[in-house]
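Subject: The structure we talked about

Hi,

Here is the structure, with the sequence alongside. Please have a look at it, and then read on for what turned up.

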Amino acid sequence: MNAEASFRDAQLAARRAGAAPRFSGWSSLVTRILVVNLVALLALAGALLYIESFRTRLLETREQELLRQGEIMAQFLEAQGVEKGREAVLDISSPRGTRIRLFDRQGALIADNWSNPAVTRFQLVDPTTEGFRRESAILIDRMIDFLTGQAEPPTLGEAAIDRRQAWSEAEAAARSGSAVTQARQTEDRLVVLQAAVPVRPKGAAAPWPVVLLTVDTPDVIDLVRRERMTSFLVFLVVLGFSLALSLYLARTIVVPLRQLALAAHRVRLGRQRDVVVPRLPHRRDEVGGLARALADMTAALRQRMDATEAFAADVAHELKNPLASLRSAVETLGNVRDEAVRERLFAVIEADVRRIDRLITDISAASRLDAELSRARLQPLDVAQLAEAIMSTQTAGGPARRGVNFRMDLPPPGTAMVMADADRLAQVLNNLVDNAISFSPEGGTITISAWRQGPVVNMAVTDEGPGVPPEVRQSIFERFYSERAEGEEFGKHSGLGLSIAKAIVEAMDGQIRVEDRADGKPGALFRVSLPAL
């Protein structure tokens, strides 16, 4: 449970560090790809709703026109009288074939312009073609009405006896004295508009005579249906393309990411030996870069684990000798009375303890190095003064105290300045000097030098030993790599000194490398280069 909580905390910290979107972890990547691609479709679907509002405005405009016609006719009938005006109603004809009916106060039909054969009539036929298009248009009408929450208008039907009471809008106008409009719907979902306007002669009381105007809207419906059909077909095409694009992105992004995640999971479970992390060499995008980075990281991890295992095996094997010697010396010490022999046993014990202590100390220092370097503060430093301090430490007790001679070749003070951590850079130089001492012959000379070369300050430690073969010049800076001098016993050097020096120098934006001596003589030259101030 604690491991799961730690994993969740690590995920949260990683998201905060990477400035991840707040809701990026709610769903899988496939779902988010689909959602993003469907956003454009929602905008396209909104066009269908816009067409519906456009249709509503057109019908409202047509309804107002019909209402004005009815009011003009009602004013004419009020001025001429219902009986005189009924004859005029029979002869009224309009380009749209508007039907005009006049009902008296009792609701009886007294005039209908469609009863005149010469009057133009509208035909209640579907404005679209028959067949699939007609059915699909009706289906789309129903879908749009459902999505927009449109109420179904009353159905247009003919009563057996055409009276005012058969039309709710006409009855309301006769009773209230106000004009009333009503949209009705045919079986083919075509909209027919009706306007009922009361005729109120002077001195008359309710119910009043009513003129009822009815007109078809085939042009409006035909236009709206065509636009709806076009938009719907475009929507289907874009939907198909968006789904295909989403599936393509899912296959090219999510599938390789899942493969990489599975490989990483198997590596975490300790199966790194039989796991092949796909490098995806054909991918030149970020996914390919991630795959190659993971593959390289896994390879580096394997190399590090191999080096660690090899070093651990070497340590376990080599520690047996000093431990066996210690055990033997301790067990023998109690039975020995000869002081000379006891002194030799004490010397063996002391030497073995020092070798083991040196190994443990170096391993402990290497394990703390990364954390300590992250907290190091770089300050201006004169490498000449630092080298003199190192030299004074190394030659304490006499220039040849450690079996070698030392020489300095340093620039004037203040001419070789760098930004560095003095303690850490001193550790680097001490490690290089210790390494040079290990490989220097008895009475050899070790030279500590420094000089400025353009934007770089160089420091070098040169010895007169056998030198470093070119094929191992990179390996000697790896952790746990140990190249012993001839005759050197295990434990005097752990193989961590040069790797520690390399980590410190690189943390200060510098470089460290090994070269042949410039004068061509046998020996090695370890150079440290740091940016100059």
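Leu-378 is partly exposed, with 36% relative accessible area; the class covers what falls between buried, under 20% relative accessible area, and exposed, over 50% (1.4 Å probe, protein chains only). This leucine sits in the loop between α8 (339-374) and β6 (379-382), where helices (H or I, at least four residues) and strands (E, at least two) are DSSP runs numbered from the N terminus. Leaving out residues up to four places away in sequence, Leu-378 touches Met-419, Ala-420, Asp-421 and Met-508; a contact here means heavy atoms within 4.5 Å. The C-alpha atoms of Leu-378 and Ala-422 are 8.1 Å apart, although 44 residues separate the two in sequence.

Before going further, a word on the source. This is a predicted model, in which local features need pLDDT of at least 70 and side-chain atom pairs count only at pLDDT 80 or more, while totals for chains, interfaces and linings use all residues. Residues are numbered from 1 along each chain as its sequence is written, and side-chain values use heavy atoms, with hydrogens and water left out.

The pLDDT, which is the predictor's confidence in each residue from 0 to 100, averages 79 over the protein chain, and 79% of the residues score at least 70. Residues 17-26 have a pLDDT below 50, and beyond near neighbours in sequence this stretch has 3 contacts in the model.

Now the overall picture. The protein chain has 533 residues, of which 39% are buried, and it holds 11 helices and 12 strands. Among contacts with a separation of 6 or more, 68% are between residues 24 or more positions apart. The accessible surface is about 30,400 Å², with 57% of it belonging to carbon and sulfur atoms; the area comes from the Shrake-Rupley method with a 1.4 Å probe, and for residues only the protein chains shown count as cover.

Strand β5 is worth a look on your screen. 7 of the 7 residues in β5 (residues 210-216) are buried, so the strand is largely enclosed by the rest of the structure. In a regular strand the side chains alternate between the two faces of the sheet. In β5 both faces are covered: Val-210, Leu-212, Thr-214 and Asp-216 are buried on one side, and Val-211, Leu-213 and Val-215 on the other.

What runs alongside β5? Strand β1 (residues 99-103) is joined to β5 by 5 bridges, in antiparallel fashion, with Leu-102 partnered by Val-211. Strand β4 (residues 191-198) is also antiparallel to β5, through 7 bridges, and there Val-192 has Asp-216 as its bridge partner. Strands count as paired if DSSP finds at least two bridges between them.

Within β5, Leu-212 counts as buried at 0% relative accessibility. Its contacts, not counting residues up to four places away in sequence, include Arg-99, Ile-100, Trp-167, Glu-169 and Ala-195. Leu-212 and Val-197 are 15 residues apart in sequence and 6.6 Å apart from C-alpha to C-alpha.

Helix α5 (residues 168-176) belongs in this part of the story too. Its buried residues are Glu-169, Ala-170, Glu-171, Ala-173 and Ala-174, and they pack against β3 (180-185), β4 and β5. Just after α5, Gly-177 takes a positive phi of about 80°.

Next, the cores. A nonpolar core is a set of buried Ala, Val, Leu, Ile, Met, Phe, Trp, Tyr and Cys residues joined through side-chain atoms within 4.5 Å. The largest one has 44 residues, and Leu-425 and Phe-526 touch the most other members. Elements giving two or more residues to this core include α9 (383-394), α10 (422-439), β9 (445-453) and β12 (524-531). The most comes from α10, with 8 residues. A second, separate core of 25 residues includes Leu-67, Ile-100, Leu-190 and Val-224.

Which residues form an aromatic pair? Phe-477 and Phe-526 do, edge-to-face, at 6.2 Å centre to centre with 75° between the planes. Rings of Phe, Tyr and Trp (its six-membered ring) pair if their centres lie within 6.5 Å; planes under 30 degrees apart are stacked, over 60 edge-to-face, and the rest tilted. Phe-477 lies in the loop between β10 and α11 and Phe-526 in strand β12, 49 residues apart, so the pair links distant parts of the chain. Both Phe-477 and Phe-526 are buried.

Best wishes
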